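Work through the exercises below with the sequence and the model side by side, and try each task before reading its solution.

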Amino acid sequence: MLTVADLMKTNLKTAHADDSIRMADWEMTIDEIRHLLVIDLEGKLVGIVSDRDVLRARQRGDTETSIATIMNRDVLAIGPENLASLGV
């Protein structure tokens, strides 16, 4: 059986909720990624920011505020031992 561990990436980029949108934009551009995981000081996942979230903030001229203002807090996570369904 195929597990999530067989498919997942482990070199993920993270940010903190109080980091600026400008910083998130820079990190995504430099690393050529489309999402940043947002973690708290203990390393717990608290949100996710997409390149589209950053783009909308940039279009509003709102890049100096924290990514907490644009991140999605409704994030579901599963463990690497879970079975991968592959859309079935």
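The exercises that follow treat a helix, a sheet, a pocket and a single residue in turn.

This is a predicted model, in which local features need pLDDT of at least 70 and side-chain atom pairs count only at pLDDT 80 or more, while totals for chains, interfaces and linings use all residues. Residues are numbered from 1 along each chain as its sequence is written, and side-chain values use heavy atoms, with hydrogens and water left out.

**Exercise 1.** Determine which residues of helix α3 are buried, and what they pack against.

*Solution.* Begin with the helix, residues 51-59, in which Asp53, Val54 and Ala57 are buried (under 20% relative accessible area, with exposed meaning over 50%, for a 1.4 Å probe and protein chains only). Seen down the axis of α3, these buried residues fall within an arc of 95 degrees (taken from the directions from the helix axis to the C-beta atoms), so they line one face of the helix. An α-helix has 3.6 residues a turn, so residues three or four places apart point the same way. Next, the face of α3 turned away from the buried side carries the exposed residues Arg52 and Gln59. Finally, the buried residues of α3 pack against α2 (21-31) and β3 (45-50), where contact means heavy atoms within 4.5 Å.

**Exercise 2.** Describe the strand order of the sheet and the placement of α2.

*Solution.* Three strands form an open sheet of mixed pairing, in the order β1-β2-β3 (two strands pair if DSSP finds at least two bridges between them). β1 (14-16) and β3 are the edge strands, each pairing on one side only. Within the sheet, β1 and β2 (residues 35-39) pair in the parallel sense over three bridges, and Thr14 has Leu37 as its bridge partner in β2. Helix α2 then lies across β1, β2 and β3, running at about 130 degrees to β2 (angles run from 0 to 180 degrees between N-to-C directions of lines fitted to C-alpha atoms, for helices over the stretch in contact).

**Exercise 3.** Find which strand gives the most to the lining of the largest pocket.

*Solution.* The lining includes Met8, Asp31, His35, Leu36, Leu37 and Ile48. Among the contributors, β2 gives the most, with three residues.

**Exercise 4.** Decide whether Thr63 is buried or exposed, and list its contacts.

*Solution.* Thr63 is placed in the segment after α3. Its relative accessible area is 14%, so Thr63 is buried. Not counting residues up to four places away in sequence, Thr63 touches Ser20, Ile21, Arg22, Ala57 and Arg58.

Key: Helix = DSSP H or I, 4+ residues; strand = E, 2+ residues; numbered from the N terminus. 1 Å grid on protein atoms, 1.4 Å probe; cavity = no way out; pocket = protein on both sides within 12 Å on 5 of 7 lines; lining within 4 Å.
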